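Q: I would like to learn how to read cavities and pockets. Can we take them one at a time?

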Amino acid sequence: MIATDKLALKEKVFAAIDAAYDELFDYAKSVAKEPEFGFKEFKTAKKVEAQFDKLGIPYRNHLAITGVKGLLKGGKPGPTIAILGELDAISSPDHPLADPDTGAAHACGHHMQQSAMLAAAYGLARTHALDELCGNVVFFAVPAEEYVQLAYRKKLRREGKLHYLHGKGQLIYEGEFDDIDMAMQMHSSKKTPEPTVAVGTSSNGFVGKTIQYVGRSAHAADAPDQGINALNAAMLGIMGINSLRETFRDEDAIRVHPIITKGGDLVNNVPDDVRIETYVRAKTMEAIEKTHKKVDAALRAGGMAIGAEVHIDTMPGHLPLVCNATLNELLVENAKEAFPSVKIINAGHFSASTDMGDVSHLMPAIHPFIGGTDGLLHGADFKVVDFNAAALLPGKAFAGMVIDLLADNAQKAKALLDHYEPILTKDAYIKKLDSYFSEEEP
């Protein structure tokens, strides 16, 4: 057994993270200046690789197109813990740091996730802390958490470059989580400028849908009776969804929020090609499966009323998040050690979604919300106001957790895994997600 003075080792690691403040701040600033959408994060991935090169962390790249997976091995074999950071940005064209050409911006704090992951990497690598531990740490920069630009991702799927349309699902499919035993990742909080750790328990999952209404074009003024108005069909479909809302149970936390991505071509023509995207979110997969079939019925009814064709493509999105209680407790302990004045709150259930939910069905995982930021997530006013709280604090907490879990012959990690029963096996996961594909393109 390797005997470890955990407190002394943590102090060394935390000090190394503090010493790397300027390097980490410059990294985050660089990423924020060049935001990229999912499965297109080529510049961001290169920045991660440069950090791993600086730290001497061996890595593999081009995983799920842009993912980068670094590995530090322990002094003795043992469990493998992953610390994740997401590479992609979201669309927020009014954000001060938005890309003027694409509208992408880090208005969801993914650059803080990367910085927290790298903070842990700086602390653990520069102190050679793994030499005293039994097990390994994976630093995993993962693509495409935001489930957007579905037409582009469906094209990649048709070309055989993707199987799933979200990053962690694709990485699971490719086998990149097969050698990982547990995983942790933080997310920036909204309107929380003070140092805060909000411990979550769960989140919604969802399936994604693209819908096409096909009508018949005609002159909108001269012969509208000769056309079939696909826009009217789509509007009736959306109204049908709205009429269903009173049937949604409060305890299921259902969210259905369609957008029209194409409403027609010319105002003087009866619209004959109208397209919608939507998610059907809920707290459990059972509620999702029940609700999304009702949504399909409403969408088809809109087409039937007008005489338009309706083509609905359903695709697997994110599974609901299930946070591990033991890892949450360790997170709180280490956050307090790293920053004694930190505010700890219970975030409970999160009605949005994350593909960390997919990972949490296969292994112990957590996804806390971290302060040091202000404004709304996905909003033009989102900003980091305390980098130490937003990135270094969670980086220290994750590094401290690694030490706790892998010290003393990895007793804590092994005890956790001995008592853990995954919700799904990998094979069951793939079978379940594949069952949601229902493509009806004309």
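A: Start with the largest cavity: its volume is about 30 Å³. A cavity is a set of points, on a 1 Å grid over the protein atoms alone, where a 1.4 Å probe fits but cannot get out. The volume is the space filled by probe spheres set on the points, with grid points joined across faces, edges and corners. This is a predicted model: local features need pLDDT of at least 70, side-chain atom pairs count only at pLDDT 80 or more, and totals for chains, interfaces and linings use all residues. Residues are numbered from 1 along each chain as its sequence is written, and side-chain values use heavy atoms, with hydrogens and water left out.

Q: Which residues line the largest cavity?

A: Lining residues have an atom within 4 Å of a point. Here they are Gly200, Thr201, Ser202, Leu321, Cys323, Gly348, Phe350, His367 and Phe369. Strands S9 (196-203) and S15 (343-350) are the elements giving two or more residues. Strands (E, at least two residues) and helices (H or I, at least four) are DSSP runs, numbered from the N terminus. S9 gives the most, with 3 residues.

Q: What is the lining of the largest cavity like by class?

A: Ala, Val, Leu, Ile, Met, Phe, Trp, Tyr, Cys and Pro count as nonpolar; Asp, Glu, Lys and Arg as charged; the others, Gly among them, as polar. The cavity lining has 4 nonpolar, 5 polar and no charged residues.

Q: How much space lies in the largest pocket?

A: A pocket is an open set with protein on both sides within 12 Å along at least five of seven lines. The largest one holds about 810 Å³. Its lining counts 33 residues; nearest the centre lie Arg281, Phe350, Ala352, Ser353 and His378. By class, that is 15 nonpolar, 12 polar and 6 charged residues.

Q: What is the volume of the second largest pocket?

A: About 330 Å³. It is lined by 17 residues, with Lys29, Ala32, Leu97, His111 and Val384 closest to its centre. Helix H2 (21-33), helix H4 (110-126) and strand S19 (383-384) each give two or more residues. H2 gives the most, with 5. The lining divides into 10 nonpolar, 3 polar and 4 charged residues.
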